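Colleague: I have some questions about the labels used for this chain. Can we go through them one at a time?

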Amino acid sequence: IGPGIVYLTFQSPLGNGAFLHHITPSEPLLQKLVHNIYIQRYSPTVVANFLMLGEAIQVERDIMIWNNKRYERKPMFVKSKEDSLVAKHRRWYSQFYSENSPRLKFQKDTMEW
């Protein structure tokens, strides 16, 4: 939907539903990540719990990647479907920024604050 907001619908034999993920910046390099799941009323609660557990496991696996990301103005891409999708996503995401967008005003070589 936009930066920091994901809306994902799903269909399964046990019911249909949607995940809503949103990220809210708290301070420099700190964000609050919230996941909500909505399923049809007749679906067993255990289905929603199982899906949310799977989501939590995936997020835990990605934390190390997120903590070590860095912005590259001109990243190197290879000719692949995956990298072409990343490039397309970067172009789409750039619409939310301008020359007047807030930026960190300092840079340190370490992650200590």
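Predicted model: local features only at pLDDT ≥ 70, side-chain atom pairs only at ≥ 80, totals over all residues.

Colleague: What elements make up the chain, and in what order do they run?

Modeller: The secondary structure comes to two helices and three strands. From the N terminus on, the order is β-β-β-α-α.

Colleague: What share of the chain is buried?

Modeller: The chain has 113 residues, and buried residues make up 14% of them. The accessible surface of the chain comes to about 10,400 Å². Carbon and sulfur atoms account for 57% of that surface.

Colleague: Now helix α1. How do you know that its length agrees with its number of residues?

Modeller: Take 1.5 Å a residue. The 23 residues of α1 should then span 33 Å. The end C-alpha atoms of α1 are 33 Å apart, so the two values agree.

Colleague: Where does α1 bend?

Modeller: The bend is at R61, and it is about 30°.

Colleague: Which residues of α1 are buried?

Modeller: They are V47, A48, E55 and V59. What covers them includes strands β2 and β3.

Colleague: Why is V59 called buried?

Modeller: Buried means under 20% relative accessible area. V59 has 15%, so V59 is buried.

Colleague: What is V59 in contact with, leaving aside its neighbours within four places in sequence?

Modeller: V59 is in contact with L33, H35 and W66. Look at L33 in particular. V59 and L33 are 26 residues apart along the chain, and their C-alpha atoms are separated by 9.7 Å.

Colleague: How many of the contacts in the chain join residues at least 24 apart?

Modeller: The share is 30%, counted among contacts between residues at least 6 apart in sequence.

Colleague: N67 is also in helix α1. Why is N67 called exposed?

Modeller: Exposed means over 50% relative accessible area. N67 has 55%, so N67 is exposed.

Colleague: Next, the surface. What makes the nonpolar patch?

Modeller: I23, L33, I63, I65 and W66 make it, and its area is about 420 Å². Helix α1 gives the largest share of the patch, three residues.

Colleague: How many salt bridges does a search of the whole structure find?

Modeller: The search finds one.

Colleague: What makes R70 and E72 a salt bridge?

Modeller: Side chains of opposite charge can pair when their charged atoms come close. The cut-off is 4 Å between the nitrogen and the carboxyl oxygen. For R70 and E72, the closest N and O atoms are 2.7 Å apart. That is within 4 Å, so the pair counts as a salt bridge.

Colleague: Are the two partners buried, partly exposed or exposed?

Modeller: R70 has a relative accessible area of 68%, which is over 50%, so R70 is exposed. E72 has 33%, so E72 counts as partly exposed.

Notes:
Residues numbered from 1 in each chain as written. Heavy atoms only, no water. Patch = residues over 30% accessible without salt bridge, like charges linked within 9 Å, V, L, I, M, F, W, Y side chains within 5 Å. Areas by Shrake-Rupley, 256 points an atom, 1.4 Å probe, with all protein chains shown as cover. Salt bridge = Lys/Arg side-chain N within 4 Å of Asp/Glu carboxyl O. Helix = DSSP H or I, 4+ residues; strand = E, 2+ residues; numbered from the N terminus. Expected span 1.5 Å × (residues − 1). Bend = angle between axes of the 7 residues up to and from the residue. Buried < 20%, exposed > 50% of the residue type's maximum accessible area, 1.4 Å probe, protein only. Contact = heavy atoms within 4.5 Å.
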